[in-house]
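Q: Could we go through this one together, feature by feature? I would like to learn how to read each of them.

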Amino acid sequence: MPTDVRKTLTDAGYIAVGLGVMGLQQAQIRARSARGQVAGAGDCVKQRARGLRHALDARSKTARTQAETQVRNTVARAEALRGELEKRVEPVVGQVQAQLGELPERVVQVMEPVAARVRELTGNAA
């Protein structure tokens, strides 16, 4: 049986083209599969990001509420302390003012005999 080279080369060409077409189809199938996996991963990431954002929003609301409560409590305590301080300081201020008001008279009373003695000693008695 003689070998027909021309037929063998033609058959080999068809086989090569067929294998190329099958390889291209496999590449297309794998590309579609990869696109699907990437899209699925993207959706997963989106859902995870939404979940994290909701959790962050909830935590920030809780932190804000706690901070506002703490500020209100601190302001109320400061006002109460101010009131208590005023109750304790007001009488002391009144006493100091009264004593300061009497001070000039006391100084004059104490200095009167001293001034008289100085005048007496210097010979300027009036």
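A: Gladly! Let's start with a term: a residue counts as buried when its relative accessible area is under 20%, as exposed when it is over 50%, and as partly exposed in between. Keep in mind that we are looking at a predicted model. By that cut-off, 0% of the 126 residues of the protein chain count as buried.

Q: What secondary structure does the protein chain have?

A: The protein chain has one helix and zero strands. Helix 1 covers residues 5-122, and after helix 1 comes glycine 123, with a positive phi near 85°.

Q: How does the radius of gyration of the protein chain stand against that of a compact globule?

A: For 126 residues, a compact globule would come out near 14 Å, whereas the protein chain has 52 Å. The box tells you about the dimensions: along the principal axes, the C-alpha atoms fill roughly 170 × 35 × 15 Å. Valine 75 belongs to helix 1 and is partly exposed, at 41% relative accessibility.

Q: How many salt bridges does a search of the whole structure find?

A: The general idea is that side chains of opposite charge can pair when their charged atoms come close. The search finds six salt bridges. One of them joins aspartate 11 and lysine 7, at 3.3 Å from N to O.

Q: How are aspartate 11 and lysine 7 placed in helix 1?

A: Spacing is the thing to look at: an α-helix has 3.6 residues a turn, so residues three or four places apart point the same way. Aspartate 11 and lysine 7 are four residues apart in helix 1, about one turn of the helix. Aspartate 11 is partly exposed, with a relative accessible area of 34%.

Q: Which residue does glutamate 86 meet in a salt bridge?

A: Its partner is arginine 82, at 3.7 Å from N to O. Glutamate 86 and arginine 82 are separated by about one helical turn, because they sit four residues apart in helix 1.

Q: How far apart are the closest N and O atoms of arginine 117 and glutamate 120?

A: In this salt bridge they are 2.7 Å apart. Arginine 117 and glutamate 120 lie three residues apart in helix 1, about one turn of the helix. Arginine 117 is partly exposed, with a relative accessible area of 44%, and glutamate 120 counts as exposed at 52%. Elsewhere, salt bridges that share partners join Arg64, Glu68 and Arg72 into one network.

Q: And the nonpolar side: which residues form a patch on the surface?

A: When you look for such a patch, start from nonpolar residues with over 30% relative accessible area. Here Val92, Val96, Leu100, Leu103, Val107, Val110, Met111, Val114 and Val118 form one, with about 760 Å² of accessible area together. Take valine 114 as a case: it is found in helix 1 and is partly exposed, at 41%. For the protein chain as a whole, the accessible surface is about 11,600 Å², and 61% of that belongs to carbon and sulfur atoms.

How values were computed:
Residues numbered from 1 in each chain as written. Predicted model: local features only at pLDDT ≥ 70, side-chain atom pairs only at ≥ 80, totals over all residues. Heavy atoms only, no water. Bend = angle between axes of the 7 residues up to and from the residue. Helix = DSSP H or I, 4+ residues; strand = E, 2+ residues; numbered from the N terminus. Salt bridge = Lys/Arg side-chain N within 4 Å of Asp/Glu carboxyl O. Buried < 20%, exposed > 50% of the residue type's maximum accessible area, 1.4 Å probe, protein only. Patch = residues over 30% accessible without salt bridge, like charges linked within 9 Å, V, L, I, M, F, W, Y side chains within 5 Å. Areas by Shrake-Rupley, 256 points an atom, 1.4 Å probe, with all protein chains shown as cover. Rg over C-alpha atoms; globule rule 2.2 N^0.38 Å.
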